[in-house]
Amino acid sequence: MIFWEIAKRNIRIHLLRSSLAMLGIVIGVVAIASMGILGNSLVLTVSDSLKTVGDSVIVTPHVGGTMGGFGGGAGGSSSLKITEQNFQQIKRASAPNIAIPVLQTSDRMKLGVGSDEIVAAIYGLNPDDVPDLLKLKEGGYSRGDSGVLVGSTFAKDNNVKVGSRIAIGTDGEKGTLRVTGIIEERGMAFDVSTDSAIVVTKNWFDETYNRNDYDKVVVKVKNLDDLPGVKTAIENQMNKRDKIVDVVDTRKTMETIFAAFGQITTFVSAIGGISMLVAGVSILNIMMMSVTERIKEIGIMRSIGAQRKEVMSMFLYEALILGVVGSLIGGTMSLIGGYAISSVLLQTTKYLFVFSSLIHIIYGMSFGIVISLICGIYPAWRAANLNPIDALRHE
Amino acid sequence: MDDQPVMVFKDVVKVYPLPSGDVTALDGVSFQVDRGEFISVMGPSGSGKSTLLNLMGCLDTPTSGDIYIGGTRIRDMSDKDLTNLRRDRIGFIFQYFNLFPLLNIIENVTFPMMLKSQKAVDPEKGRSVLRSVQLDDSLFSHTPMEISGGQQQRVAVARALINDPDILLCDEPTGNLDSKTGAGIMELMSELNRQGTTIIMVTHDSHIAEYSRRTIRIADGRIVE
């Protein structure tokens, strides 16, 4: 493969300009791959945070609609509530799936003698429903109204352990509860975001905040294929005349979110692709220079028996080497850069070494090689089609 | 087969169409080259020598008339076939040596062999041909820039001979050499011719032309002698 050898040597002899052309490809690959990796890591991060709630239908009072069957509730975070009657209708519509009524508020609380008061979210749940909704990483579920579960971030930030006591309300006026368990980290969630919150029993919540209605209903759907059907059934039941509830299929919402992230990733990768096109122009320019400098050499080759396609292959090899070497360097730098960026921005590198992230390096490298080859085609074609007589006369 | 002329020109006309009007570079040229001949082509500048050389080397095709190389008419041949013909049956020697600067001496010499075989070749034949043109073994791994003009021309001769061509076409082979080195190259050519190689040499130097056994003189696109 003498033409391969000549291509290699020509790159080596013009190392500086070849390196500059490769630098363009390196930058292009890094831009495409790192943007893709970052976007994918963000998707995976959000996916991990949301995956525990992808099997739910969330029913909340319709914001901006008529008050319908809803009444105001004391101590709630919203004036729109779901009544017990509404809940029973939702429960019937979603049967045989589990409908979990959720109460929610926030209050002051103190975590031991001498500690500062903090404000945190409080969820009220039926003790029977809690195991269906929350998993514990430590301790056990509350049996009586004096027990409380705490979120993992809440426990960590406030140094709370199983057995710790939490005084609710200003100066503990609403009572003191004992921590029976610490909830597994759930991340951002559509149903209940418990990481920085506490979970009390519905009875205690009702008595303490004088509530007899709900903030939302979470329907845990056993078969994921039933999600759209359950959503429709609830809407048909509740919104017959007026829209009084908003019903969200969490899986659909997650799909929408992931699709949006995917589009953002594609968009930023496309911006990276522009730098690759600039690199391609640089390759084109250098290849044209190479052809111009070697016109006489091409003429000699043609006169002593080199076919057009062989001359063309010599220049395409050159473009290929520039593309492959540039892409390999770019791919390696993307991995290193991706590791650094993931470590700093996402605080974890676990999303880097997965196929869906690494594929962006392959995309970047492939694009780099393809662009190099495409930009090498015209100069190579021009070289191959030089008239041997004119080429031999060239000085 | 051996009695067949290696090259025949029959009423060859070459016209270059130019915006200012057609220019007739060759006008009804006919001649024959037999195997083992050593021919000089002489003529003043603009007489049509280069056009004749290009046609003999299958780098160009005639406007009318016919050219036969080893009995094969080149007029209707494709670019690919003409290229193969140049590779297999014609050896070129240029005034400015025209070696490939990126390749060493052995690689330069074996380059046409590689074109023919489409794979790596045994460099031994290259060494053997280089020795036959009296190039020292110690120079084989050098690049063209590292050896003298005379040595470069010997390498060029070796490259032209490597595929055992029917004809050696030389364009002012000593034009870029001093007289002593040029004489050495011409002695080499004469020796090759004595061994049976057919040589056609374009030159304007009558001293150099004396090495040949026949001279074709050309003027205004016609053979005058």
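Predicted model: local features only at pLDDT ≥ 70, side-chain atom pairs only at ≥ 80, totals over all residues.
**Figure 1. Helix α6 of chain A and its surroundings.** Helix α6 of chain A spans residues 202-209, and its buried residues are A:Lys202, A:Trp204, A:Phe205 and A:Thr208. Viewed down the axis of α6(A), these buried residues fall within an arc of 160 degrees, and they therefore line one face of the helix. After α6(A) comes A:Asn210, which has a positive phi, near 55 degrees.

**Figure 2. The two domains of chain A.** In the domain assignment of chain A, domain 1 consists of 2-50 + 255-393, while domain 2 consists of 56-220. The centres of domain 1 of chain A and domain 2 of chain A, taken over C-alpha atoms, are separated by 55 Å.

**Figure 3. The contact between chain A and chain B.** Chain A contributes 15 residues to the contact, and chain B contributes 18 residues. On the side of chain A that touches chain B, at least two residues each are supplied by α1 (2-13), α9 (295-303) and α12 (388-393) of chain A. Helix α1(A) gives the most to this side, with 5 residues.

**Figure 4. An open sheet in chain B.** Four strands of chain B form an open sheet in the order β2-β1-β4-β5, and their pairing is antiparallel. Strands β2 (23-33) and β5 (72-73) of chain B stand at the edges; each has a single partner strand, so one side of each is left without a neighbour in the sheet. Strand β4 of chain B, residues 64-69, pairs with β5(B) in the antiparallel sense over 2 bridges. Opposite B:Thr72 in β5(B) stands B:Ile69.

**Figure 5. Chain B as a whole.** Chain B contains 7 helices and 10 strands. Its C-alpha atoms fill a box of roughly 50 × 40 × 40 Å along the principal axes. The radius of gyration of chain B is 17 Å, which agrees with a compact globule, because a globule of 225 residues would have a value near 17 Å. Of the 225 residues of chain B, 46% count as buried. Among the contacts in chain B between residues at least 6 apart in sequence, 70% join residues at least 24 apart.

Notes:
Residues numbered from 1 in each chain as written. Chains lettered and ligands numbered in written order. Pairing = 2+ DSSP bridges. Domains from an automatic or database assignment. Rg over C-alpha atoms; globule rule 2.2 N^0.38 Å. Buried ≥ 20, exposed ≤ 12 C-beta atoms within 10 Å, placed from the backbone. Contact = placed C-beta atoms within 7 Å. Arc of directions from axis to C-beta.
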